[in-house]
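We will go one stop at a time.

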Amino acid sequence: MRHHMETNRQLRTAARLTFGNTASRIYLGLVLATVVFVAVDVLFVTHEDASFSGVWVFFLAAPTVFVFLMGGSMAWAESGGPGWFIYLALVVSVLVQAFALGWFSQLVRGPSRPGRSAHPQGA
């Protein structure tokens, strides 16, 4: 039972660091806006030549996405791995970086203490 409670606490902490702070939310919002832009560009805009709008998602997921893609290239004969693996690598990379942003943000701000006011004078 104690192990289960510890696991739940660790999962809540990881979720809070990934989704529950301003830096991570801004990053995830930027990634979501870029994905929507790419989807609209690919599905609804006709181009005479190839569109490179999808590159922006890789820029936002860099550098971790390239580590996953190198691993996929080593595991499979295809460059970067199969198509589903590339999408999975993008999603996992974005989540890892959102977690890292949350962790770094908490490191810079210091741990939050319950009962502590945001305004020292109470105003």
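**The whole chain.** Start with everything selected. This is a predicted model. Of the contacts in the protein with a separation of 6 or more, 57% link residues 24 or more positions apart. Now colour by secondary structure. You get five helices and zero strands, in the order α-α-α-α-α from the N terminus. Of the 123 residues, 24% count as buried.

**Helix α2.** Select residues 22–44. This helix has 23 residues. From first C-alpha to last, α2 reaches 32 Å, close to the 33 Å expected at 1.5 Å a residue.

Go to the N-terminal end of α2 and pick Asn21. What does Asn21 do there? Asn21 caps the helix: one of its side-chain oxygens lies 3.3 Å from the backbone nitrogen of Ala23.

Next, show the side chains of Ser24, Tyr27, Leu28, Val31, Thr34, Val38 and Asp41. These residues of α2 are buried. What covers them? The cover includes α1 (2–19), α3 (55–61) and α5 (83–109).

Zoom in on Tyr27. Ignore its neighbours within four places in sequence. Tyr27 is then in contact with Leu60, Ala61, Val94, Gln97, Ala98 and Leu101.

**The aromatic pairs.** How many aromatic pairs are there in the whole structure? A search finds two.

For one of them, select Trp56 and Phe59. Their ring centres are 5.4 Å apart and their planes stand at 80°, so this pair is edge-to-face; planes over 60 degrees apart count that way. Both residues sit in helix α3. They are three residues apart, about one turn of the helix.

Now move to Trp84 and Phe85. This pair is edge-to-face too, with 6.0 Å from centre to centre and 90° between the planes. Are its two members buried or exposed? Trp84 has 53% relative accessibility, so it counts as exposed. Phe85 has 14%, so it counts as buried. The cut-offs are over 50% for exposed and under 20% for buried.

Technical notes
Residues are numbered from 1 along each chain as its sequence is written. This is a predicted model: local features need pLDDT of at least 70, side-chain atom pairs count only at pLDDT 80 or more; totals for chains, interfaces and linings use all residues. Side-chain values use heavy atoms; hydrogens and water are left out. Helices (H or I, at least four residues) and strands (E, at least two) are DSSP runs, numbered from the N terminus. Buried means under 20% relative accessible area, exposed over 50%, partly exposed in between (1.4 Å probe, protein chains only). Contact means heavy atoms within 4.5 Å. The expected span of a helix is 1.5 Å times one less than its number of residues. A polar contact is a pair of N or O atoms within 3.5 Å; within protein, one must be able to donate a hydrogen and the other to accept it, and residues adjacent in sequence count only if both atoms are side-chain atoms. Rings of Phe, Tyr and Trp (its six-membered ring) pair if their centres lie within 6.5 Å; planes under 30 degrees apart count as stacked, over 60 as edge-to-face and the rest as tilted.
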